[in-house]
Amino acid sequence: NYEVAFVYAKESVLPKEAVGAVREAAAKAGLDFDKFTRIDNTCPTTTKSLNDASAGTGTSTTDWVDLVVGEGGVIDWVVPGWRGEYKN
């Protein structure tokens, strides 16, 4: 059982002007705003993107296309013969 809440803001830090409203909303939901933890959800700039074939993550666009439509890929399992190899 989790008791969580997420606060989304346009700025990287919740503006001071919004704290009162967020504190009130948390209290209405039975949550203690003072126990909230700020997280850093920014994307790192020192690592390669997951969508970068040279990153070695297996999640590049090319990897996904191969997984889905490549020889023996997902579509071959779901729709055998979709390439036309079984036509008379």
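User: What makes helix 2 stand out in the nonpolar patch?

Analyst: Helix 2 gives the largest share of the patch, five residues. Helices are DSSP runs of H or I with at least four residues, numbered from the N terminus. This is a predicted model, in which local features need pLDDT of at least 70 and side-chain atom pairs count only at pLDDT 80 or more, while totals for chains, interfaces and linings use all residues. Residues are numbered from 1 along each chain as its sequence is written, and side-chain values use heavy atoms, without hydrogens and water.

User: Why is Val-68 called partly exposed?

Analyst: Buried means under 20% relative accessible area, exposed over 50%, and partly exposed in between (1.4 Å probe, protein chains only). Val-68 has 32% relative accessibility, so Val-68 counts as partly exposed. Val-68 lies in helix 2.

User: What makes Arg-23 and Asp-34 a salt bridge?

Analyst: The term requires a side-chain nitrogen of Lys or Arg within 4 Å of a carboxyl oxygen of Asp or Glu. For Arg-23 and Asp-34 the N to O distance is 3.0 Å, and the pair meets in a salt bridge. Arg-23 lies in helix 1 (residues 16-28) and Asp-34 in the loop between helix 1 and helix 2, so the pair ties together parts 11 residues apart in sequence.

User: How do you know that Lys-28 and Glu-24 meet in a salt bridge?

Analyst: Their side chains come to 3.6 Å, N to O, and the limit is the one already given. Both residues lie in helix 1, four residues apart, about one turn of the helix. By this rule the count is two salt bridges.

User: Why is Lys-28 called exposed?

Analyst: Lys-28 has 69% relative accessibility, so Lys-28 counts as exposed.

How values were computed: Helices (H or I, at least four residues) and strands (E, at least two) are DSSP runs, numbered from the N terminus.
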